[in-house]
Amino acid sequence: MSEKKDTTHILVPHKLVLFQRPRSEVWQCRFQMDGKWQRASTGAYDLNEAREKAFDLIQEAGFRKRMNYVPITRSFKNVAEYTIKKLEEARHTPDFKPIFEEYRVLITKYLVPFFGKYKIDSINYQLIEEFKKWRKVRMNAEPSRSTELNHNAALNRVFDYAEANGFIHAVNRPKLTTVGRVSERRPDFSVAETINLKANFAHWIEQTKEDSKPIRQLLRDYVFVLLDTGARPGKELLSLKWVHLALDFRPDLYETGKIVADEYGEAEKEIAFRPKHAVILDITESKTKRRKSVGRLTTWQVFNDIAVRNYGKKLEDLIKEGCTEHVFMYREVLGRRTLNADPHAQAPLKIPTSFPKLFEKYLAEHNLLVDPITNKDRVLYCLRHTYATIALERDKVAVHTLAKQMGTSVKMIEQHYSHLDAVKAIDQLRGEESLALLQDHTHLDDRYTYNPEQKVGRHETKKRA
């Protein structure tokens, strides 16, 4: 029987321990400082050399403590890896936020490549300024203010973890500031452009090859729902499932102005109704937090078309069945060989992956790609801005209501739509309802009628009351 390998040596009881990790021949040490165990690598393979390094490490830690530094620190890369691990662990908890995924990408793509080789407690203002210069070169552009805010938030996540574990002191932690360029507003579509954008889809779909029609049809549906709900392009709609939908139907009764005969032959006013269809979308994958969003008749019709195409069923039936598949899916056109082998074969449903490029192609082919005001290319996100602009200008939707619908803040809406000046909002400022209300003299109060004997002065008025 082989002798058990001795991989642990107590150099100072309850104070300093030397050990080896499994599958590693490098000696590590543990030492206690201020009642907390700290770990560090000696970098030595030889036991005697490791002993000397261990005593050097504990002495250095004591010196650092006396100089008001943390006893032991870690490399930025090491702390960043643990931070990413914590962000991943939060994924299936109530504390998870969609922005965590962006933090993970920023830490991996920008922060670790630059700061990775430095000790976490050595990162100072000068190094951060060097990072900003490096980042500008890497991005090939000056980052916007919002981009810089996200970078700072990701870096603060790493600092938070380091501070919580005693790798840096709060007093030595750099305070991050944001001075990036203010983000420019994305271009939107005018009402005339939006009408043409929607109307030209039908011909664009019909004139292409058969195997391209399904994805083009789904793009058309996707665009219509974005314009009808103001949702963010991407996960908000592409992760939507049929079980996330609920229907709302409230007919609006109104008089047509016609006189018709009732069942007894007597004249009466004709009453008709307008169907008010709405779909309640439970948006689970969002940049902010889960929310309910309202889709109007257009969304209802689009979802019903998708349900019929993909399942041969109506929208309400698919919802009642509790279908757990994604809404935005399409079936590819099967080839002749497949159909000859099995005339009843049906292609599996696929989730689209090429909407941005396909949408760019559609805009370019219809002279809608470049915004004539900003001279910038339009993208899918411009549909969200178009929705908000029309909602504010034409539908007179209150800012607070719009913020709830779009999953953003009132501040963000006011910031991005401050361009809606008085002329553009003329329909809102007409104020037909308020004007009619203020001109209604049927409910006058005698307290406010003309009284020439009423004495002037605040105190006299109080006495009289």
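Predicted model: local features only at pLDDT ≥ 70, side-chain atom pairs only at ≥ 80, totals over all residues.
**Figure 1. Phe-114 and Trp-134 in their helices.** Phe-114 belongs to helix 3 (residues 99-115), while Trp-134 belongs to helix 4 (residues 125-139). The two residues are 20 apart in sequence, so their pair ties together separate parts of the chain. Phe-114 has a relative accessible area of 12% and is buried. Trp-134, at 26%, is partly exposed.

**Figure 2. The pair of Tyr-222 and Phe-328.** These rings lie 5.5 Å apart, centre to centre, with 80° between the planes, which makes the pair edge-to-face. Tyr-222 is in helix 8 (residues 213-229). Phe-328 is in the loop between helix 11 (315-320) and strand 10 (330-331). The pair links distant parts of the chain, 106 residues apart. Tyr-222 is buried, with 1% relative accessibility, and Phe-328 is buried as well, with a relative accessible area of 0%.

**Figure 3. An aromatic cluster that includes Phe-114 and Trp-134.** The cluster also contains Phe-76, Phe-115, Tyr-118 and Phe-131.

**Figure 4. Arginine side chains over aromatic rings.** The charged end of Arg-216 sits over the ring of Trp-204, at 3.9 Å from the ring centre. Arg-220 lies over the face of Phe-224, and here the distance to the ring centre is 4.0 Å.

How values were computed: Residues numbered from 1 in each chain as written. Heavy atoms only, no water. Helix = DSSP H or I, 4+ residues; strand = E, 2+ residues; numbered from the N terminus. Buried < 20%, exposed > 50% of the residue type's maximum accessible area, 1.4 Å probe, protein only. Phe/Tyr/Trp six-rings, centres within 6.5 Å; stacked < 30°, edge-to-face > 60°. Lys NZ or Arg CZ within 6 Å of the ring centre and 35° of its normal.
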